[in-house]
Amino acid sequence: MASAFGHALAALSFRNLIDIKYKLPLKIVLLGVVYSILPDADVITFKFGIPYESVWGHRGISHSLLFSLVLALITALFLSKNKIERIIFFVFLFISTLSHTILDAMTTGGKGVAFFAPFDNTRYFLPWRVIKVSPIGIKNFLSQWGLKVIQSELIWIGIPFIITLILYFILKKKNNAVI
């Protein structure tokens, strides 16, 4: 898995792109950050003896397209009655949650991601496995391994974040100049 920091940064990158045209409420941005990290709550299954390879195990159903879709859809329906707002909230929350799965499929470790669970529990990686896999647990993260993860994420997640931030400021300034 990528670290919680990397996942949060990915959600904020997407927020930068949406915010150019539509100002997302802070509660939605915060939910997007939480949802970008949420799939890793499945690590608790290790405590219950659920094997990694199980659909209920780590990188199983909580990392699936279906999970991202259902979570974003239900949340958007509950948070707004306005049709356009619901669509914007849904898209942001869906991409924020799904970004977790995509980043994990780009890591150098683990057993892959069950993109299509519960219909297919096959675990997949993307062809670009460039993000150092993060250790599980805070104690393990505060180590040389954790430092290598942060260095990797600064390149593969941090640089795209900075690019979206620059785009945000350039396009926001351009949009304000037109008005």
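This briefing covers helices, surface, aromatic pairs, salt bridges and backbone details of one structure.

The model is predicted: local features need pLDDT of at least 70, side-chain atom pairs count only at pLDDT 80 or more, and totals for chains, interfaces and linings use all residues. Residues are numbered from 1 along each chain as its sequence is written, and side-chain values use heavy atoms, with hydrogens and water left out. A search of the whole structure gives seven aromatic pairs. The salt-bridge count is four.

**Helix α4**

- Helix α4 covers residues 83–104. Helices here are DSSP runs (H or I, at least four residues), numbered from the N terminus, while strands are E runs of at least two.
- Its 22 residues reach 32 Å from first C-alpha to last, close to the expected 32 Å. The expected span is 1.5 Å times one less than the number of residues.
- Asparagine 82 caps the N-terminal end of α4. A side-chain oxygen of asparagine 82 sits 2.9 Å from the backbone nitrogen of isoleucine 84. A polar contact is a pair of N or O atoms within 3.5 Å; within protein, one must be able to donate a hydrogen and the other to accept it, and residues adjacent in sequence count only if both atoms are side-chain atoms.

- A nonpolar surface patch is formed by Leu17, Ile155, Trp156, Ile159, Ile162, Ile163, Ile166, Leu167, Ile170 and Leu171. Together they have about 890 Å² of accessible area.
- Patch members have over 30% relative accessible area and no salt bridge; like charges are joined within 9 Å, nonpolar side chains (Val, Leu, Ile, Met, Phe, Trp, Tyr) within 5 Å. Areas come from the Shrake-Rupley method with a 1.4 Å probe; for residues, only the protein chains shown count as cover.
- Helix α6 (residues 144–178) supplies the largest share of the patch, nine residues.
- Isoleucine 166 lies in α6. Isoleucine 166 is partly exposed, at 48% relative accessibility. Buried means under 20% relative accessible area, exposed over 50%, and partly exposed in between (1.4 Å probe, protein chains only).
- Threonine 164 is also placed in α6, but is buried at 9%. The side chain of threonine 164 reaches the backbone oxygen of phenylalanine 161 at 2.8 Å.

**Aromatic pairs**

- Rings of Phe, Tyr and Trp (its six-membered ring) pair if their centres lie within 6.5 Å; planes under 30 degrees apart count as stacked, over 60 as edge-to-face and the rest as tilted.
- Among the seven pairs, phenylalanine 90 and phenylalanine 94 have ring centres 5.7 Å apart and planes at 15 degrees, so this pair is stacked.
- Phenylalanine 90 and phenylalanine 94 are four residues apart in α4, so about one helical turn separates them. Phenylalanine 94 is buried, at 17% relative accessible area.
- Phenylalanine 115 and phenylalanine 116 form a tilted pair, 6.2 Å centre to centre with 45 degrees between the planes.
- Phenylalanine 115 is buried at 12%, whereas phenylalanine 116 is partly exposed at 42%.
- Ring pairs join Phe115, Phe116 and Tyr124 into a cluster.

**Salt bridges**

- A salt bridge is a side-chain nitrogen of Lys or Arg within 4 Å of a carboxyl oxygen of Asp or Glu.
- Arginine 15 bridges to aspartate 19, with the closest N and O atoms 2.6 Å apart. Arginine 15 and aspartate 19 are both buried, and aspartate 19 has a relative accessible area of 0%.
- Lysine 23 also bridges to aspartate 19, with its closest N and O atoms 3.6 Å apart. Lysine 23 is exposed, at 57%.
- Lysine 111 and glutamate 53 meet in a salt bridge at 2.4 Å, N to O. Lysine 111 is in the loop between α4 and α5 (138–141) and glutamate 53 in the loop between α2 (26–37) and α3 (65–79), so the pair ties together parts 58 residues apart in sequence.
- Lysine 111 is partly exposed at 44%, and glutamate 53 is partly exposed at 43%.

**Backbone details**

- The peptide bond from alanine 117 to proline 118 is cis, with omega near 5 degrees. Proline 118 is in the loop between α4 and α5.
- Arginine 59 has phi near 65 degrees, a positive value in a residue other than glycine. Arginine 59 is in the loop between α2 and α3 and is buried, at 0% relative accessible area.
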